[in-house]
Amino acid sequence: MASLSVRRAPDRTKELLWALLFRTGAYEEDDRFRKRLARMSRTGLQWAGAVGLLGIFLHLLISPLLGGTVVWTAQSASPTTVFLLNNLILAGLCAGLAGLARRDVSLDVSRFAMAVALLGSAAVSLHAGAYKGISTPQYIIVMYLLAAIAVPYKPWQTLSLGVALSLLVYALAPEGPLWTGALVPAPPFTDTLPLLVIVVALFTGTSAFLYATRLKEHRSYRQTLEELRHHEELLQSIAEEVPGGIYRSDSARNLVYANEAFLEMFGYEDLESLRAANPESLYASAPARERLIKVEREQGSIDGAEVEYKRKDGSTFTGLLNSRTVFDEQGNVKYHDGVVTDITKLKQRERELIEAKTKAEDAREHFRLILNAVPVMIDVFDEDGTLLMVNEHWEDVLGWTEEEIKEHPAPLEALYVDPEERRESVRFMEEAPDEWRDFTFQTKDGEIIDTTWTNVRLPDGRRIGIGLDITERKEFERALREERDRFATLFQSLPTPVVHGEIRGDQKQTVLVSDVNASFEEIFGYDREEILGEDLHDFIVPSEDEDEAVEINRLAIEEGTLQTEVKRLTADGVRDFHLQAAMRKRSDGPTETYAIYSDITELKQMEQKLRVREQWLRSITQNISDGIFRSTPEQGLVYVNKAYADMFGYDSRDELYQIDSSEMYANPEVRDRLVQLENEQGSIDEVEVEFQRKDGSTFIGFLNSTVVRDEDGNPLYYDGAIADITELKQKERELQRAKEEAEEANRLKSAFLANMSHEIRTPLTSIIGFAEAIGDALPSADTADETAPAEIDPQAFQEVRRFSRLIERSGQRLLETLNSVLNLSKLEAGSMELTLEPINAGQEIHETAELFAQRARKQDIELKAEVPDSSLWVQADRGALERVLHNLLSNAVKFTEPGGRITLRARNGADTVNLEVEDTGVGIDPDFLPHLFDAFQQESKGPDRSHEGNGLGMAVTKQLVDHMNGTIEVESEPGEGTCFSVRLPRASH
């Protein structure tokens, strides 16, 4: 491929040079091109003549100033000599060029005139130079350049002029054959000859370039004219073929143009007959024309206005008017252009669509579909499917300008979202059926719109698309479907019964069931299929309320809506309902009704209770011994009950309303402080106040009051109550004195018990010790016969030993009783100090169980401890916890018979550790349980009681648990056993 390009390049260059040098005549066969060159040549002649005359004038003016000599004719002279005759000849040639430029001479005359002027000027200049003895090729080169630029010569003509100039220089130069007679010129001419050759070649190339440029400009100009002509033909074709009526009127609104569609639309044969008609006769309403003129005058255009027009025969049609005022450069109205599209069928289609949507909305009485008029979009495609133009409505709707959509590499991809719709639209354009079809478009901004289109095919193969923006209609249809779905969902999902039915009959006003929701089925107990088409009253209206139901239907039909309270039969019997009914009279059928039944049975019952309660409260308010009042910041007291008036010694409540509230206080300043406190805190709770009666006496009142504020937080009124506690205060003082005396007695009791315990414990300890010593000193029953002296009876030894054990046991019981009494006394007096610390409750349970294990085995009792492996840390006092466990386990062993079971448990709770002691013992009588933790209380009393005890163990246990911030509970069943549960706070460890 590279070798081919090398061989072909010279061929193309030769071909181009050949065309420029020898085939330019073919180019100039184009008359427009020749005329263009002729205009250029005349302009060049004018400028060449003017420049030449100016140069000669300056030469004649400046040369004398520079020392030159002016002579009339050619003669031997110096180089600075100016030949006046030669300059006049040159001026004549230049003037001749300028004169020809003012006449409409042809291109050939211009070229010939410039060639004559050039050669003549060169000959005059060479002749003068020969007389001056100088060579003047530089002047000739300048004239050559001026001629080649000024006149559009063909390249070969420029070359010929160059050759002719070279021959003149050769012949007329001072060293040339005309002066020397020699054929071979002498220097310095031989030095100038190469310059001339280069200049001729350069100027010939320049001429070829200029000629090619002018030819290219001409061809571009012709192409532009051709495109304008084609565009004009296209517009003319559209104007004649488009279904819309296109017109133009002058500034006075007289028609100057109307296409065939416009004439046919209005029923006129030709433009002349249309122009002869009164413009107002084209409108169904004459004022409509004036309004449109006013709108266009104010806005400059009319876009998509629906106008009722009138044809020549008097019939009318609806047209979509688009009009625009065109102004000239001075801002004056130049003309008015517009298009009228007959949208009568579209309006009929719109009415049909509205009617169809109205039928689709039978279930919705408050919705009706209204379609807005939409602008018409027009686009034009050629037979190959290339977009040629779009109108302004198309641009307004889709956002693309004509230039942008034409330059887009894939216009259809930019407009259509769905590729399948894009392919369908291409088929639709090719087939151009006489129908409307919907497509989804995408605007330049990315917005998705719905459109409907139809196509018109022109005879030359072009296609015109006419479209309407139906996005609002589509959105409405979608919204309608969604609304219908929402309504159906709401209908079925409402928690209250809903009935949809039809009213039939003139007198009885029967309600035939069309549909019910799930709540109706559930509450009234009927399946939907069971009552469809049946009379609703036969199922849910009590027989005694049938006339009332008919009257309700009649009122609902008259008023459209109705709300009332009714009684209806349900699956649970007759209940009260709040009925909301709405009626809708259908144009093509019976009256529809929607009824909502809200069950208000409980509400009615509550209202009755509230009425009874209100009467009860009113009775209490009037009969209660406390004084109840309401006061406001502005009026003071506005309400008091009878007890209040009696409390303050007034005969009537009206008398209280007239006095200043401060007069009711023993100290008025106290009232001010209480009002300020109540305003700050919002209430006064249980404040003791000294009040003053009408007669001046005082009493102590227990005051409770609350402030009620408005939305801005300002006090509206104060509600309160006053209880006369004068006697209570007296009793309180008496009780206080009694309390102080009791506390003193209790203190003396505690001191007495402490002293007595000390005085009794010391000798009692000695008695117990001596009893133990006696028992240990006496021989046992087995050795008594051997060790006892002969004079002492062995049986006496056994009696002494038994007595010593009785003394020891009784002493231990008495000591325990004293310790319990002393501990209880300390606990009640608060003098026993407990140290609360983390203690492992599981370890304490194990140790207590081991302590009682031998005793339990002796009594044939199973003792078991259930403690988890996890730590059980409680916040308790160690000694107190040991005492609690000891007392509970001791009681369990005491009251459990042989063969029984005792279980100790421990486990963690949420915030506590739970300890349990459960036995299978005799249990506790339920009547005794409330007194179990009272001091000196025992279930078995008197000489017949079955178990020993002092009745203090459980009281001490309860006090110890309370002092450790715990709780103790008991569950017992006589003959089954007992379970004590102790809960103590958990401790972190």
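**Helix α17, a helix pair and a buried methionine**

Helix α17 takes in 13 residues, 419-431, and at 1.5 Å a residue it should span 18 Å; its end C-alpha atoms sit 19 Å apart, which agrees. This comes from a predicted model. Four residues of α17 are buried, namely R422, S425, F428 and M429. They cover an arc of only 120° around the axis, which puts them on the same side of α17. As for what the buried residues of α17 pack against, the list runs to β8 (376-381), α16 (411-415), β10 (437-442), β11 (448-457) and β12 (463-469). At the N-terminal end, α17 is capped by D418, with a side-chain oxygen 3.2 Å from the backbone nitrogen of E420.

Next comes a pair of helices. Helix α30 (residues 841-858) and helix α31 (residues 878-894) have axes that come within 10 Å and cross at roughly 35°, and this crossing of α30 and α31 is right-handed. On the α30 side, the residues that meet α31 include E844, I845, L851 and F852, while those in α31 include R878, L881, H886 and V893.

M954 is buried, its relative accessible area being 7%, under the 20% cut-off. Leaving aside residues up to four places away in sequence, M954 touches N887, L888, N891, L932, F933 and F980. Take F933: M954 and F933 are 21 residues apart along the chain, yet their C-alpha atoms are separated by 5.1 Å.

Methods:
Residues are numbered from 1 along each chain as its sequence is written. This is a predicted model: local features need pLDDT of at least 70, side-chain atom pairs count only at pLDDT 80 or more; totals for chains, interfaces and linings use all residues. Side-chain values use heavy atoms; hydrogens and water are left out. Helices (H or I, at least four residues) and strands (E, at least two) are DSSP runs, numbered from the N terminus. The expected span of a helix is 1.5 Å times one less than its number of residues. Buried means under 20% relative accessible area, exposed over 50%, partly exposed in between (1.4 Å probe, protein chains only). The arc is that of the directions from the helix axis to the C-beta atoms. Contact means heavy atoms within 4.5 Å. A polar contact is a pair of N or O atoms within 3.5 Å; within protein, one must be able to donate a hydrogen and the other to accept it, and residues adjacent in sequence count only if both atoms are side-chain atoms. Axes are lines fitted to C-alpha atoms, for helices over the stretch in contact, and angles run from 0 to 180 degrees between N-to-C directions. A crossing is left-handed if the near helix is turned anticlockwise from the far one by less than a right angle, and right-handed if clockwise.
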